[in-house]
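User: I would like to go through this model by question and answer, with the cut-offs stated.

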Amino acid sequence: MANSAAVSKIPLFRTLAARGYASQPAVAAALKSGDVQTTTLPNKLVVSSTETGSAISRISVAFKAGSRNETHDNLGAAHIIRVAAGLSTKHASTFGITRNVQQVGGSLSVTADRELLSYTIEVTRDNLETALQYLEKSVTGQLFKPWEIADSTPRVKLELANVSNQVRAVELLHQAAYRTGLGNSLYCPDHKVGKISSETLQHFFESNFTANRGAVSGVNIDHQMLLGYAQSLQLGSGEGAKNDNKYYGGADVRCERGGKNASVAVATNGAGWSNLQEGIAFAVLQRAGGVGPATKWGQSAGVLVKAIQAAAPNTGATTLNASYSDNGLFGFVVSGPAKEAGIAVEAGIKTLKSCSPSDEDIARGKAQLKSELAFIYETDGSLVQELGVQGIVYGNTLTLKGCFDAIDAVQAGDIKSAARKLSNKVSIGAVGNLEHVPYAADLN
Amino acid sequence: MSYVIRKGPRQITNIGRWAYNLSGFNQYGLHHNDVLYENDDVKEALRRLPQQYVDDRNYRLTRALHLSMTKTILPKNEWTKYEEDFRYLEPYLEEVQREREEKEEWNKK
């Protein structure tokens, strides 16, 4: 693909829009900072944008193509597709994408979770046109050329080798709790590395990267311009993968690896974002339970973490709340010496099942949740992704004030009733030296 | 992704047929793409070639070496025909060349 030919294809009006915009960014920004505009296109693609006044524009294209959409046949496809971001597509070569994005000082990245795969490009406002063009070229018409996929296998292996025990424990917990669908790991299983064919990836791409499963979000880009861009994206249509979200309690997946330490993730059924109020209640509850110290060398003030560390002083602990669009997990992760793991898990489960947060805990939980959200909205890089997630999960987006109002609307009673649901059966994922780690069947 | 593989030349001409038969590699049962000089482009294209084509190519090359060693050629009905010359490497090679030219174009700047 010759570069000169590609540049001449830019529609004139888009070029003008970009130039006009670049010459007066600060004025437009100051006018409507904080507002989020959201439009749903006829093909159900959700487009949202906001202004923060920064000199960098960030645009993200996200699809419901995370690992939960994998079936047994294409397990690991989401991981490989994430790694394959920026490789040759129908519209541009790997070199072309890399070099053109580099030339304008941009950065193209891809993030994956169980729900979504999102492609984000970051660039200065005056180079927006080139950046948008190459974002489109790398997201649509993906090809997964077999030799390029084979060349990226070492990177997949490296990523797998770098997965920490704590993360591995949470992955195993999902497998125990959901078996399939949400139970699929974010990471390609070892036995599938280098064995997922180009055709399999292509099929996963075609069925999940469709307009009705997607969202386009932008920070510091004109909404009309982003709408025009979203409309011009060549996306397929179709239902895509349906997947399981049924919670199975009382199961454990253990990975015995010896050594001196154990990492254990324990959870029971939480809530998803389909019910916003319940989702927020569990998010507040997580902060009330404790999510690690807020100050350096400090201690977590959360009830759950305190209870675990009182029983097992050398163990690190954090409350886990994994909320997805339609279901969620709530529990805790402990990591520490193998000898303490059993005591820690038992103390944690005891607190979890008899959890009744005080008003003080709830107030602290709400304050922490608000500040975390404010940090997300403050940082353009996380804001653009947050807008994409909200666009896909709710089909709408909230301003920071909207988020705060939604949190305030959740009463202490809602949070306490969420806490009462935690007496369900727990599931366990454990990695390391598991001599003292109890079995889920014995605990329920 | 589809790579359309061409059989025979783009245009069948008498002079083409004469030159093809004169070159002689078809008497060993080889195809034109078997006898390309293995420069970096060809090596890269061969790396990308699906395994079945690589296996067929290796078979033909081995057979040709054997024939050469025994100073014989195939019986005439097994010679590769001008119209049936199988350009299996061409789409891959062209892609490699396009990619290289794109790089060269950028490096001129």
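User: Which side chain is joined to that of B:His32 by a polar contact of 3.5 Å?

Analyst: This is a predicted model, in which local features need pLDDT of at least 70, side-chain atom pairs count only at pLDDT 80 or more, and totals for chains, interfaces and linings use all residues. Residues are numbered from 1 along each chain as its sequence is written, chains are lettered from A and ligands numbered from 1 in the order in which they are written, and side-chain values use heavy atoms, with hydrogens and water left out. A polar contact is a pair of N or O atoms within 3.5 Å; within protein, one must be able to donate a hydrogen and the other to accept it, and residues adjacent in sequence count only if both atoms are side-chain atoms. At 3.5 Å, the side chain joined to that of B:His32 is B:Arg87.

User: Where is B:His32, and which residues does B:His32 touch, not counting residues up to four places away in sequence?

Analyst: B:His32 sits in the loop between α1 (14-23) and α2 (40-48) of chain B, where helices (H or I, at least four residues) and strands (E, at least two) are DSSP runs numbered from the N terminus. B:His32 has a relative accessible area of 29% and is partly exposed, since buried means under 20%, exposed over 50% and partly exposed in between (1.4 Å probe, protein chains only). With contact taken as heavy atoms within 4.5 Å, the residues touched are B:Tyr20, B:Phe25, B:Asp85 and B:Arg87.

User: Which residues are linked with B:Arg87 in a network of salt bridges?

Analyst: A salt bridge is a side-chain nitrogen of Lys or Arg within 4 Å of a carboxyl oxygen of Asp or Glu. One pair is B:Glu94 with B:Arg10, whose closest N and O atoms are 3.6 Å apart. This pair links distant parts of the chain, with B:Glu94 in helix α4 (residues 90-108) of chain B and B:Arg10 in the loop between β1 (6-7) and α1 of chain B, 84 residues apart. Linked with B:Arg87 in the network are B:Arg6, B:Arg10, B:Asp85, B:Glu90 and B:Glu94.

User: B:Glu94 and B:Arg10: what are their relative accessibilities?

Analyst: B:Glu94 is partly exposed, at 32%. B:Arg10 counts as exposed, at 63%.

User: Which element gives the most to the side of chain A that touches chain B?

Analyst: In this interface, 15 residues of chain A are in contact with twelve residues of chain B. Two salt bridges cross the interface, and A:Asp151 forms a salt bridge with B:Arg47, the closest N and O atoms being 3.0 Å apart. On the side of chain A, the elements giving two or more residues are α5 (94-103) and α7 (146-151). With five residues, the element that gives the most is α5(A).

User: How much area is buried between chain A and chain B?

Analyst: Buried area is the accessible area (1.4 Å probe) that two parts lose on being put together, summed over both. Carbon and sulfur atoms give 57% of it, and the area is about 1300 Å².

User: Why do the buried residues of α18(A) lie on the same side of the helix?

Analyst: The buried residues of helix α18 (residues 412-420) of chain A are A:Ile415, A:Ala418 and A:Ala419. They are on the same side of α18(A) because they cover an arc of only 100° around the axis, the arc being that of the directions from the helix axis to the C-beta atoms. They pack against two helices of chain A, α12 (276-289) and α15 (359-378).

User: Which helix holds the salt-bridge partner of A:Asp408?

Analyst: The side chains of A:Asp408 and A:Lys370 meet in a salt bridge (2.8 Å, N to O). A:Asp408 lies in helix α17 (residues 400-409) of chain A, so the pair ties together parts that are 38 residues apart in sequence, and the helix that holds A:Lys370 is α15 of chain A.
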